[in-house]
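Reader: I am new to this structure and would be grateful for an explanation of the terms applied to it. May I ask how each description is reached?

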Amino acid sequence: MDKILEGLVSSSHPLPLKRMIVRKVVESAEHWLDEAQCEAMFDLTTRLILEGQDPFQRQVGHQVLEAYARYHRPEFESFFNKTFVLGLLQQGYHSLDRKDVAILDYIHNGLKLIMSCPSVLDLFSLLQVEVLRMVCERPEPHLCARLSDLLTDFVQCVPKGKLSITFCQQLVRTIGHFQCGSSQEKELREYVSQVTKVSNLLQNIWKAEPSTLLPSLQEVFASISSTDASFEPSVALASLVQHIPLQMITVLIRSLTTDPNVKDASMTQALCRMIDWLSWPLAQHVDTWVIALLKGLAAVQKFTILIDVTLLKIELVFNRLWFPLVRPGALAVLSHMLLSFQHSPEAFHLIVPHIVNLVHSFKSDGLPSSTAFLVQLTELVHCMMYHYSGFPDLYEPVLEAVKDFPKPSEEKIKLILNQSAWTSQSNALASCLSRLSGKSETGKTGLINLGNTCYMNSVLQALFMATDFRRQVLSLNLNGCNSLMKKLQHLFAFLAHTQREAYAPRIFFEASRPPWFTPRSQQDCSEYLRFLLDRLHEEEKILRVESSHKPSEGLGYVETSSQEVASNVAVPTESPGTGAGEKTLIEKMFGGKLRTHICCLNCRSTSQKVEAFTDLSLAFCPTPSVEDLSFQDPASLPGAQDDDVLMQTSVTDPEEEPVVYNPATAAFVCDSVVNQRLLGSPPVEFHCAENTSVPNESAKILVSKDVPQNPGGETTPSVTDLLNYFLAPEILTGDNQYYCENCASLQNAEKTMQITEEPEYLILTLLRFSYDQKYHVRRKILDNVSLPLVLELPVKRTASFSSLSESWSVEADFNDINENLAKKLKPGTEDAFCPKVVPYLLSSVVVHSGVSSESGHYYSYARNITGSGSSHQMCPQSESLALTPSQSCLRGGESPSTVIEQDLENKETSQEWFLFNDSRVTFTSFQSVQKITSRFPKDTAYVLLYKKQSRANGLRSDNPASGVWVNGDPPLQKELMDAITKDNKLYLQEQELNARARALQAASTSCSFRPNGFDDNDPPGSCGPTGGGGGGGFNAVGRLVF
């Protein structure tokens, strides 16, 4: 029969005839044959299967072999023996090479035919050894796939015990050598299918023998971390990732990132190759593992690896977004890489040129999946442009391309950035290591205390959080100069963009410290703030003068020493040609105007002048029991009339008709100290009532004035009450009498002060440090003061006076203190007042903790308030309010601000408040600000910043001409951005070195953990259990250093 079959398949008969004869041969298999005939038939069919010239011959061989083996099983078992199979695997078959897939297919089918025979066990034992040998020879993908098919069907052939671990490791290495030599789709699909079969085999072995999993994964890492330039592991290894249990992520990442034997170069190679795996079409969870490894490296602070890998692979990851199969994973990895790379715009700027084309391409196809993808990409792009504003030439095309997609809110952007930063990754691998030194969850940067410099830190944080002021400072073009404003700009830029937890302002401290401040000694933060604003104002004035003499040199600040400014701080009078448009930045943001009006109670002559201020100092309301004052009615004073008090507006013409003096129109007058540092020394004729908080003051002049009483007997005054006391009529009598030129003698007089021009930022200083004349020390007033969220400031303007208020000096030469400063007005020049209530929102509070100005600690509460957008919404009535005695909250009546403040407090959860305590920055709430003194009696509000809310702010410069202000802040100068980028890289390197040092010491040091934060029983300003910074009294020298 074998001769007939051999002649048939090689004959030239028609194919149908051949098929019919083959069918007869198959049917004859059930007939009896002797052993020699069976062996001849098995030999022929084997030859046809392995060496057939065409598919027909191979098909005939399979059909006849299966039929004869089924009916003559003992004979086939004798033929398909261990020696025969071993010869096939080791030597091949005749001209057929041993690595030909046909041999594996033949053995696979032969095992199926003798599965029920006892001899199959010997074959299983043989194959367990042979398959390991074959895998060690690195078979090609198609042969390895056929081997995987065989082992999947016959798991008995898989090596057992220790050999199973070796087999898995060798199989991993084999996959690492896979390569696809074609770029055709058909061949690529076949290649992917072959790799999938091999990875599925490994998955089955891992499930059957879990002990093989970890060694296999170690082999995977060894392959991808190889630094051998002659070997590049195959991307096919990505097919294994989907079979690794996700529960093992923590264990494996910990093992990889903390293994001291893994060098940085190897880890970099491994991470780069894992990122390459994103291109593998059918792999799942690759992005999950890549992101987990990135986070693990950040947790152990191996930032050098992260920087190198990100810059090397970010463009490749972005290019994967073009391919639908791998797009979700690529977007996840791209998002993490960009959002965590926050120390420099370099990575983001590598992909910015490619964004527009990608967006336009996906917008044109109109697919729902493309739209959803673009929404995610747009959110990512907005986050990055927000974080790295200042590149309008790069960002404008991108903004135009994504304008049709929703933009995330600023709060959401901040949250995403804060959660994604490398320094925000918690290190759960070794709890005994010290806490990562990175930005707090607030995203804000602290200021390092340089030795009793909390007075400066608290003020600088308050100024930084004054959003409009910060933006104005950052927008200045100060290249080429070394002024104090340049240093402030540098400080603000670092506070906004550094990766450090806290920044050390050493350069700014040395440049801004008043000459009379003793280094490393506690100082008055209010005094420092005044000096700082003076310096900045004077520098810009000097620049104006120099630029007017040298117009060709352009604008730029000049360096001025502290001594020069201190000696030149005088009233900033301007030249006659200086208009409002030439105000300095300090004038624009903090400058206001006060009109002082004095009426002699003897001759009724009046005088008035206008002064500028940058802050108002509010004294506490005295009581008769504690103040040795006599509060008298003006009518009871010498020279007072029983009728309405008359006010003569001219001393040159006594026969002019007098006008009736209405106290309502002259309310809101000032007695407390107004900041005179920008104005020069206060006129001696005016005799200011309170001290100016200058340490070398030796006396405090007390005056008589009306004391407002809290309704309902309340004992806690509010800032409104102090402002009421500040803006109240004052009778100058006794030692504080006024020198009247008309009378040519000291006379009792009434002084009123009105705010004629309100500042953008209202700075209020609560005069808590009173001078004790008996003991010659400055004591602190610890009274609690209620802080309103909304403050109404009465501003009185006149049409004829508006022109006068545009200048810093009105009818007064402040350089000559001997000249009478109170110039007389002509009759009839005083128009009717136009009272207006200007609403202000609380922006920041500087708190002093302690019992003395010479000791204690400063910290500040602050929040972001912008001057645009919400102003008319939050205070809709502010433009139309007319101040009357019945309406003004400062006069004790109802005010629309009550409703506004209640509404704001109800929405307080959406308003983020921050607590700045030197290096530490934490979230807090307005309720904490209000209750600080009631909880910690030594901690009292000292300096307040209020932001004006009005329809027209006039100071915003974020217009198209000035570039794209993506996050509201202006673009940074290249010099600043380069400095920040350089420092951020240095910081990451420092963190990495520190982490490595700690890791080396971790094994030999005991674990210690100190929670980050302070106990509820200690105030934020405390340094120990007693709190308050002042200790138990003046003898607590150890508590004077903060």
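Author: This is a predicted model. One may begin with a helix pair: Ile-249, Leu-252, Ile-253 and Thr-257 of H13 are in contact with Thr-288, Trp-289, Ala-292, Leu-293, Gly-296 and Leu-297 of H15. By class, this contact of H13 with H15 comprises seven nonpolar, three polar and no charged residues.

Reader: At what angle do the axes of H13 and H15 cross?

Author: The axes of helix H13 (residues 249-258) and helix H15 (residues 286-299) cross at roughly 50° and come within 10 Å. Angles under 35 degrees count as roughly parallel, and 65 to 115 as roughly perpendicular. The crossing of H13 with H15 is right-handed.

Reader: Why are H8 and H10 called roughly parallel?

Author: Helix H8 (residues 120-136) and helix H10 (residues 162-176) have axes that cross at roughly 30° and come within 9 Å. Because angles under 35 degrees count as roughly parallel, H8 and H10 receive that description. Their crossing is left-handed.

Reader: Which residues of H8 and H10 meet?

Author: On the H8 side they are Val-131, Leu-132, Val-135 and Cys-136, and on the H10 side Leu-163, Thr-166, Phe-167, Gln-170, Leu-171 and Thr-174. The contact of H8 with H10 divides into seven nonpolar, three polar and no charged residues.

Reader: How do you know whether Asn-452 is buried or exposed?

Author: Asn-452 has a relative accessibility of 4%. The cut-off for buried is under 20%, and Asn-452 therefore counts as buried. Asn-452 is placed in the loop between strand S1 (446-447) and helix H22 (454-464).

Reader: Where does Arg-604 lie, and what is its phi?

Author: Arg-604 belongs to the loop between strand S3 (592-600) and strand S4 (606-613). Its phi is positive, about 65°, although Arg-604 is not a glycine.

Reader: What makes Arg-604 buried?

Author: The relative accessible area of Arg-604 is 9%. Since buried means under 20%, Arg-604 is buried.

Key
Residues numbered from 1 in each chain as written. Predicted model: local features only at pLDDT ≥ 70, side-chain atom pairs only at ≥ 80, totals over all residues. Heavy atoms only, no water. Helix = DSSP H or I, 4+ residues; strand = E, 2+ residues; numbered from the N terminus. Buried < 20%, exposed > 50% of the residue type's maximum accessible area, 1.4 Å probe, protein only. Axes fitted to C-alpha atoms, helices over the stretch in contact; angles between N-to-C directions. Left-handed = near helix turned anticlockwise from the far one by under 90°. Contact = heavy atoms within 4.5 Å. Nonpolar A, V, L, I, M, F, W, Y, C, P; charged D, E, K, R; others polar. Parallel < 35°, antiparallel > 145°, perpendicular 65-115°, else oblique.
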